[in-house]
Amino acid sequence: MFDGIVLGQYIPGESFLHRLNPITKIVFCLFFMIVFLFIEDIFQLLTLFAFVIICFFISSLPLLHVLKGLKTIIFFLLITFVMHLFFSKEGVVLFEYSFIVITSKGLYNAILIFLRIFSIIMLNSILTLTTMPTDIAWAIEKLLYPLRLFRFPVEDFALMLSLSLRFIPVLFEELNKIIDSQRSRGAMFDSPSFVKKIMAFPPILIPLFVNSFQRAEEIAIAMETRCYSGSKRTHLNIIRPGLIDVLFFITFVSVALISFYLF
Amino acid sequence: MIVNDTNIKVDSVSFTYNNGSIFQKQALQDISFEINNKDILGICGNTGSGKSTLIRLLNRLIKPDSGFVKINDVDLSEIKDPMEIRRKVGIIFQYPDNQLFESSVKKELVYGPLNFGFKKREALSQARDSLNRTGLDYHKYKNRNPFSLSGGEKRKVAIASILSSRPEVIIFDEPTAGLDSNSRDNLIELIFSLKKEGRMIIIISHDSRFIDKVCDKLLVLSKSKQVYFGDREEFFSRFDKSTIDDVGIELPFEYKVLRADREKNSIKKIKEFINKKHV
């Protein structure tokens, strides 16, 4: 039932992006996300979008698999596209039939919003699909280090984050098992009736929550029995930034600057 | 209730998870066997050999990529309403925690029967009978919260919650895991009484002693392929020992003795033969 979801999945590979330091990738994502949110010019957006697509192909991720996993999000994006297309009344009228009016501003906004959100989603997909969840947690821990000055428990936060990321696939697996066991007792999750659909949730959610809390308690006990203390943790593998990180950093800043100055 | 003849035919069934994606994984390759309710079938194999996938196919929780599964000569893929199949085939999964969700044992037990369209009174009487059969007193347990029960009690409630739907085929997934020896003996008794009623029993287990005690036929899977299907005794007494070790089954003690005896006798015979030649 939830087999196609790409959330929290890491696809192993040897590409340039796989080898990048996770800190570089997170900074790159954050930087571009902010830029994408503020850009109002479609040509600037297209330049950056092209850069994201190039990054995607460099990462040698399977395009069809990723798009399949994002199909629900793409569906909602298309709804947003259509809403902008038909409900913006500003600009020159391009097409008119009965109550349907498409204006130049409507089309412009529709493409802008679609590209903006799609690029952000693709960026995040590249990050999560080319980086192991534990590496993402490690990178966030490093990025949050300055907050220790304000007594923020960075290590504990990073551990919570890495455990959460680590358990996403486990929870999906468990969810599928729960769904199977309830379906074999006659539960109908694909019933066309809305009431039946709502009624089908408790048999899934209750065992899932109970199991998750049990597991959380077991992990906490297992960690305590091994004398866990957040602040004294060290890492087995230390990832240091290399020349490729510097090169990549220079490239993406340059692309952003070029797109601003050209258009 | 006595169930009439039931048979299951699995013919050249293959199944791959996430077919067509980069995460695709072949779970079953060309599996074929036929069984009726006169025999109890045991399914053995290493972890990841495809046992759980096979039982999911029997309940049509998934459909085979190729081949067919027939119950009483009806191809499951031709049945439009999967509820019809699930009413006939009940699976008792390994972890009862994955199914318990109601606030009382009674509600948990009637969840299946009510979904399958039994009337409330009928569902309640079946729930009472089923729980009593597992060895838990219905009146003592009916209002208890399933989450407050011990592991063994939860398993019994899970078994009863399937039995209460009166399925013709009952599949047990690792039924002895976490059971003490008394509960194990009770379970064996229950399985035999279900067989006597004419219900078809299929058991997935790593416990070779349990399999040896209960099953008549054996299906052995390894790396998604069928290694053996046939008589249980034949497998334990004659099948190649290294293959038995490879599929993660420990030979029951009696068969170890039997094989050792046979080996001793053959060595004795060889020695006699050599001696005769020398003489």
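Predicted model: local features only at pLDDT ≥ 70, side-chain atom pairs only at ≥ 80, totals over all residues.
Chain A contains 11 helices and two strands. Read along the sequence, these elements follow the pattern α-α-α-α-α-β-β-α-α-α-α-α-α, with the two strands set between helices. The C-alpha atoms of chain A fill a box of roughly 70 × 55 × 40 Å along the principal axes. Of the 263 residues in this chain, 38% count as buried. Among contacts in chain A between residues at least 6 apart in sequence, 71% join residues at least 24 apart.

At its N-terminal end, α2(A) is capped by Asn21(A). A side-chain oxygen of Asn21(A) lies 2.9 Å from the backbone nitrogen of Ile23(A).

Which residues of α2(A) are buried? They are Pro22(A), Thr24(A), Lys25(A), Ile26(A), Phe28(A), Cys29(A), Phe32(A), Val35(A) and Phe36(A). An α-helix has 3.6 residues a turn, so residues three or four places apart point the same way.

Over all chains, the count comes to 16 salt bridges. One of these joins Arg116(A) to Glu40(A), with the closest N and O atoms 3.7 Å apart. This pair links distant parts of the chain, since Arg116(A) lies in helix α6 of chain A and Glu40(A) in the loop between α2 and α3 of chain A, 76 residues apart. The two partners can also be described by their accessibility. Arg116(A) counts as buried because its relative accessibility is 11%, under the 20% limit. Glu40(A) is exposed because its relative accessible area of 54% is over 50%.

Another salt bridge within chain A brings together the side chains of Arg148(A) and Glu155(A), at 3.5 Å from N to O. Arg148(A) has a relative accessible area of 40% and is therefore partly exposed. Glu155(A), in turn, counts as buried at 11% relative accessibility.

The contact between the two chains takes 25 residues from chain A and 25 residues from chain B. Together the chains bury about 2200 Å² between them, of which 57% is on carbon and sulfur atoms. Asp180(A), Ser184(A) and Arg185(A) supply 32% of the area that chain A buries against chain B, more than any other three residues.

Polar interactions also cross this interface. Eight residue pairs are in polar contact between chain A and chain B, both residues of each pair being at pLDDT 80 or more. On the side of chain A that touches chain B, the elements giving two or more residues are α8 (154–183) and α10 (202–225) of chain A. The residues of that side divide into 11 nonpolar, eight polar and six charged.

How many salt bridges are there between chain A and chain B? The count is two. In one salt bridge, the side chains of Arg56(B) and Asp180(A) meet at 2.5 Å, N to O.

Within chain B, the side chains of Asp5(B) and Lys38(B) meet in a salt bridge at 3.6 Å, N to O. Asp5(B) lies in the segment before β1 (7–17) of chain B and Lys38(B) in the loop between β2 (25–36) and β3 (41–45) of chain B, so the pair ties together parts that are 33 residues apart in sequence. Both Asp5(B) and Lys38(B) are exposed. Elsewhere, salt bridges that share partners join Asp180(A), Arg183(A) and Arg56(B) into one network.

Strand β1 of chain B is also the place of Thr16(B). Is this residue buried or exposed? Thr16(B) is buried, because its relative accessible area is 13%, under the limit of 20%. Leaving aside residues up to four places away in sequence, Thr16(B) touches Gln24(B), Lys25(B), Gln26(B), Ala27(B) and Asp65(B).

Methods:
Residues numbered from 1 in each chain as written. Chains lettered and ligands numbered in written order. Heavy atoms only, no water. Contact = heavy atoms within 4.5 Å. Buried area = accessible area lost by both parts, 1.4 Å probe. Salt bridge = Lys/Arg side-chain N within 4 Å of Asp/Glu carboxyl O. Polar contact = N/O pair within 3.5 Å; in protein donor to acceptor, adjacent residues only side chain to side chain. Helix = DSSP H or I, 4+ residues; strand = E, 2+ residues; numbered from the N terminus. Nonpolar A, V, L, I, M, F, W, Y, C, P; charged D, E, K, R; others polar. Buried < 20%, exposed > 50% of the residue type's maximum accessible area, 1.4 Å probe, protein only.
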